[in-house]
Amino acid sequence: MSINLIEFPEDFLWGTAVCSHQAEGHNVNSDWWEWEKKGKIADGTVSGAAADMLNRYPEDFKLMSDLGYNSFRFSVEWARVEPERGVFSEDALRHYEKVLDELRARGLKACLTLYHWPLPKWMAKRGGWTAEDSPELFGRFVKRVVERVYGKVDIWCTLNEPMVPVIAGHLFGEFPPERRSWNEARTVFKNLLKAHVEARRRILDAWRRSGESDEPLIGIAQAVVDAAPVNPDNILDSAIHKFIRFFHNDAFPKALSSGKVPPPFGFNEKISGLKDSFSYSGVNYYTRMRINFNLKKIPGSLNDFLYLPEGAETTAMGYEVYPPGFYNVIKDAARYGKPVYILENGIADATDAQRPGYLLRHLKQVKRAIDDGMDVKGYFQWSYIDNFEWKLGFEKKFGLVEVEPGTLNRKPRPSAYMYGEIARTGKITRELAEKYAPNVIEEVFES
Ligand code: FCB
């Protein structure tokens, strides 16, 4: 059966997301800044001025609100706020205060991420997340931030994709500090759980002082993939698929829910304050992983388990486009019985040829989840603007808004307008799909 209209709940959050290191520019006291200068970035770039959101955020928030978006997710940079151990930068704190005030003035709700990967150099030098007191030091930084901005934030995201520092940073050596140590990975996993607890404690302290009745929304953004074995009858593929799914998607949220460190990261030992320490499930979804384990190959990275059939639809990142997987991971996230926020979903696409269709097909899956009773409250598109895509540099263009090289002027891509129409009306109509992505009409409007 075909339908003509897809409607979302009235109070739905329609946002976009960035991470400050990737978009603000000049995060000079961070470990990433130093690492980039060592020629580690695939396209030879460094984050540099990035999209210069550090200075241009007023113009950006005006554009977001003109386009019709109603919320924005970004991060505070620890390295900016605490450039030296125990020395807190008044300039940086004022900056983030002003950013949040400006958002509010434009009528945009704020989702604030407290850790989105870069560490201050001084933290990295003393072992980063492997140091025993790293959770406490993170808590001290968070306290300073929360004291200044509590009341201006609508959704708190303590950690972005904590499995990335665990896996890419400490297990497979792909991101700073480029370590390959299972022991370190386990320590980092545990310390990030504790860091979440510390951060939450500081936010709740501020909440108690505020006298507000409703508890603040606090959670993490979990990177999830829809993992599937290529051959379910193959015992190895199927076992590895289960392991990857647990390792990648479930281990961290399960720990936040149970309060214990699950094997193989721990021995089910309890962490005080961890049990049920989140009030929403944050989902970052980009792709699915088809697992096909090759016995002859020793995996040097999680990607070595992956298989992509010839002709599969992919993005510029080489990710498979698989919208039904979005529904599956939302369903998984909803198991915890809390509201779900999509904190990232998007596509690298310089010409905007794929993005409108990608967006519509993924939003359709969000709607499917809502219709099936899942409490999805908002969707943040990655990304508002072209930015520094970590190890891959500026070559990958995730922005709804393009950044003109040289001038750094903003140029909204067609999908930026399309997303604005959806955000303003809460609807996807056939006319809209015909205008922006006629090739996906059938898929989007089948019931
Ligand atoms: C996510 C990261 C984000 C960005 C997107 C493409 O894993 O959280 O910073 O790099 O991928």
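Helices and strands here are DSSP runs, numbered from the N terminus. A lining residue has an atom within 4 Å of a cavity point. With these terms, α10 gives the most to the lining of the largest cavity, contributing four residues. The model is predicted.

## Cavities

The largest cavity holds about 180 Å³ of space. Its lining is made up of 17 residues. Nearest its centre lie Q222, P253, S281, A333 and Y336. By class, the lining of the largest cavity has 10 nonpolar, four polar and three charged residues.

The second largest cavity holds about 80 Å³. V18, S20, A23, E24, M53, Y57, F61, F72, F74, H95 and V99 form its lining. Two or more of the lining residues come from each of α1 (20-23), α3 (53-67), β3 (71-75) and α5 (90-105). Here α3 gives the most, with three residues. The lining of the second largest cavity divides into eight nonpolar, two polar and one charged.

## The ligand site

Which residues are around the ligand? They are Q22, H116, W117, N160, E161, Y286, E344, W382, E389, W390 and F398. By class, this shell has five nonpolar, three polar and three charged residues.

| Residue | Ligand atom | Distance |
|---|---|---|
| Q22 | oxygen | 2.8 Å |
| E344 | oxygen | 3.0 Å |
| E389 | oxygen | 2.8 Å |

A polar contact is a pair of N or O atoms within 3.5 Å, so the Q22 pair at 2.8 Å counts as one. The E344 pair at 3.0 Å also falls within 3.5 Å and therefore counts. The E389 pair, at 2.8 Å, passes by that cut-off too.

How much of the ligand's accessible area does the protein cover, and what is that area for the ligand on its own? The protein covers 93% of it, and the ligand on its own has 290 Å².

## In short

α10 leads in the lining of the largest cavity, and α3 leads in the lining of the second largest cavity. At the ligand, Q22, E344 and E389 place polar side-chain atoms at the listed distances from ligand oxygen.

How values were computed:
Residues numbered from 1 in each chain as written. Predicted model: local features only at pLDDT ≥ 70, side-chain atom pairs only at ≥ 80, totals over all residues. Heavy atoms only, no water. 1 Å grid on protein atoms, 1.4 Å probe; cavity = no way out; pocket = protein on both sides within 12 Å on 5 of 7 lines; lining within 4 Å. Points joined across faces, edges and corners; volume = space filled by probe spheres on them. Nonpolar A, V, L, I, M, F, W, Y, C, P; charged D, E, K, R; others polar. Near = heavy atom within 4 Å. Polar contact = N/O pair within 3.5 Å; in protein donor to acceptor, adjacent residues only side chain to side chain. Areas by Shrake-Rupley, 256 points an atom, 1.4 Å probe, with all protein chains shown as cover.
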